[in-house]
Amino acid sequence: MSAPAAVQAAVAAKRASSQPTPPATPPATPPRKTIACPHCGGTIDPALPFCAHCGGRIGGAVATPAAATTVRSAADRGAGARIALLDDAGTVKETFTMSHNEAVVGRSDGDIQFSDDVYLSPVHAQFAVRDGQIWVRDLGSRNGTWVFMDAPHRMSDGDVVLIGSQLLRFRRLGYPGPHPPEADKTRRLGSLIPTADIAVLAQLRADGSVRDTFHLSPGRTVVIGREKGDWIFPYDQTMSGTHAEVRSEDSDFVVADAGSRNGVAVAVRGERAVKVGQRVLMGDRVLRVEHL
């Protein structure tokens with residue numbers, strides 16, 4: 001080979017070596033297997049844990065259903081007594097924990113709030129644990145705090161009981177004294193009654209005024225109901241046919257549930273001890289002590 005030819009060959013070889021090497025063609029990737037989502041039917045990758053269409057879990061895993069009851073802490077600290085919120089059927093809807101052995105209930109303030117309850121005062125009542133027992137105190141609410149009885153209740157002057165949707169206030173009248181003789185010695189005419197009336201139950205309106213009354217006398221038992229009894233409220237659908245009875249015991253009067261569906265509640269005056277399992281009405285909410 002002549003010198004010029006050798007030089008040309010060397011230059012060509014150098015140019016060829018300086019050219020970039022084309023990338024190797026990768027082997028063809030086989031198509032990824034897909035399946036139908038068992039929840040929505042969309043096409044999904046079985047290697048993924050969730051469906052990209054509906055978010056449902058796939059791959060054979062079964063999602064754990066959420067608990068029906070939400071458990072919250074009244075103060076988000078520690079553990080303590082528990083208060084349950086009940087629905088209309090009496091099923092636990094939500095549970096609150098009294099972490100610091102007390103909890104205030106209200107519509108707009110407090111540890112436990114129900115902002116949509118128009119019958120609940122902004123600050124309504126307080127639960128507190130003391131001496132191994134739960135106590136409830138009304139904090140000056142407009143509609144009161146009510147404890148459903150688990151045993152007959154001996155009424156004191158001024159007590160208000162809730163029977164169905166009726167607010168009945170108990171008042172003592174005392175024993176009537178003898179009438180002084182008239183100047184002309186004419187005797188007074190009056191209704192023949194078995195014994196003297198010494199107390200009265202008053203049906204209260206929403207403004208606190210009295211609509212109707214029923215007098216109580218010693219030795220007499222009064223039955224209250226929607227269909228049967230001595231004092232009947234046929235228009236009250238929350239009252240059972242035979243709901244409660246008020247009976248005379250010595251010089252006192254005792255109110256007892258007669259196996260009603262909705263029970264009998266007593267308004268809290270000051271504070272009142274509440275047992276585990278006992279229900280409390282505040283506004284339109286029924287709460288129950290679950291654990292101490």
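Trainee: Among contacts between residues at least 6 apart in sequence, what share join residues at least 24 apart?
Mentor: In this chain it's 46%, with contact meaning heavy atoms within 4.5 Å. Keep in mind that this is a predicted model, where local features need pLDDT of at least 70, side-chain atom pairs count only at pLDDT 80 or more, and totals for chains, interfaces and linings use all residues. Residues are numbered from 1 along each chain as its sequence is written, and side-chain values use heavy atoms, with hydrogens and water left out.
Trainee: OK, new topic. How many aromatic pairs are there?
Mentor: Searching the whole structure gives five. Rings of Phe, Tyr and Trp (its six-membered ring) pair if their centres lie within 6.5 Å; planes under 30 degrees apart are stacked, over 60 edge-to-face, and the rest tilted.
Trainee: Why is the pair Trp-231 and Phe-233 called tilted?
Mentor: Their planes meet at 45°, so the pair is tilted, and the ring centres are 5.1 Å apart.
Trainee: And are those two buried or exposed?
Mentor: Both Trp-231 and Phe-233 are buried; that's under 20% relative accessible area, while exposed is over 50% and partly exposed is in between (1.4 Å probe, protein chains only).
Trainee: Which residues make up the cluster linked by ring pairs?
Mentor: Phe-214, Trp-231, Phe-233 and Tyr-235.
Trainee: Back to the whole chain: how much of it is buried?
Mentor: 35% of the 292 residues count as buried.
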